[in-house]
Amino acid sequence: MDDQRQKARQFPRVRSQFAALVRKVDPEEFATLGLARSMSLGGCMLEQESSVGVGTPVEVMFSI
């Protein structure tokens, strides 16, 4: 990652690679497996095959 971009972030990111289960919070049952690729105090980047949609509230369970 570019040094200037890293310095501009509010929280530093930590590279990672571990399994994550992503589940929608709403009544519609939907869950998918993915990989957590980076973590920070402000959030995380998840890589998965299917999208839950931008702005969708989700629960994430990590396997570390």
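**Entry 1: the layout**

What pattern does the chain follow, read along the sequence? I noted α-β-β-β-β.

Two reminders to myself before going on. This is a predicted model, where local features need pLDDT of at least 70 and side-chain atom pairs count only at pLDDT 80 or more, while totals for chains, interfaces and linings use all residues. Residues are numbered from 1 along each chain as its sequence is written, and side-chain values use heavy atoms, with hydrogens and water left out.

I also looked up burial for the whole chain. Of its 64 residues, 16% count as buried (under 20% relative accessible area; exposed is over 50%, partly exposed in between, with a 1.4 Å probe and protein chains only).

**Entry 2: the sheet**

In what order do the four strands sit in the sheet? I read β3-β2-β1-β4, an open sheet with antiparallel pairing. Two strands pair here if DSSP finds at least two bridges between them. β3 (43-48) and β4 (58-62) are the edge strands, each with a single partner strand, so one side of each has no neighbour in the sheet. From one strand to the next the twist averages 40° (axes are lines fitted to C-alpha atoms, and angles run from 0 to 180 degrees between N-to-C directions).

**Entry 3: pair by pair**

I then went through the pairings.

- β1 and β2 pair in the antiparallel sense over eight bridges, and they form a hairpin with six residues between them. Here F18 stands opposite A36 in β2.
- β2 (residues 31-40) pairs with β3 over six bridges, again antiparallel, and a hairpin of two residues joins them. M39 faces C44 in β3, and S38 has M45 in β3 as its bridge partner.
- β1 and β4 are antiparallel too, with five bridges. A20 has F62 in β4 as its bridge partner.

**Entry 4: rings**

How many aromatic pairs does the rule give? I got one, where rings of Phe, Tyr and Trp (its six-membered ring) pair if their centres lie within 6.5 Å, with planes under 30 degrees apart counted as stacked, over 60 as edge-to-face and the rest as tilted. The partners are F18 and F62, edge-to-face, at 5.6 Å centre to centre and 80° between the planes. This pair links distant parts of the chain, with F18 in strand β1 (residues 14-24) and F62 in strand β4, 44 residues apart. F18 is buried at 18% relative accessible area, whereas F62 is partly exposed at 32%.

I also spotted a charge over a ring: the charged end of K24 sits over F30, 5.4 Å from the ring centre. The rule asks for NZ of Lys or CZ of Arg within 6 Å of the ring centre and within 35 degrees of the ring normal.

**Entry 5: salt bridges**

Which residue forms a salt bridge with R23? It is E59, with the closest N and O atoms 2.2 Å apart. A salt bridge here is a side-chain nitrogen of Lys or Arg within 4 Å of a carboxyl oxygen of Asp or Glu, and the structure holds two. R23 lies in strand β1 and E59 in strand β4, so this pair ties together parts 36 residues apart in sequence. Both ends are partly exposed, R23 at 42% relative accessibility and E59 at 39%.

R37 and E47 make a salt bridge as well, with closest N and O atoms at 3.0 Å. R37 is in strand β2 and E47 in strand β3, ten residues apart. I have R37 as partly exposed at 24% and E47 as partly exposed at 43%.

**Entry 6: a serine in β1**

Is S16 buried or exposed? I have S16 as buried, at 17% relative accessibility. S16 belongs to strand β1, and its side chain reaches the backbone oxygen of A36 at 3.3 Å. A36 is already in my notes as the residue opposite F18.

Note on methods
A polar contact is a pair of N or O atoms within 3.5 Å; within protein, one must be able to donate a hydrogen and the other to accept it, and residues adjacent in sequence count only if both atoms are side-chain atoms.
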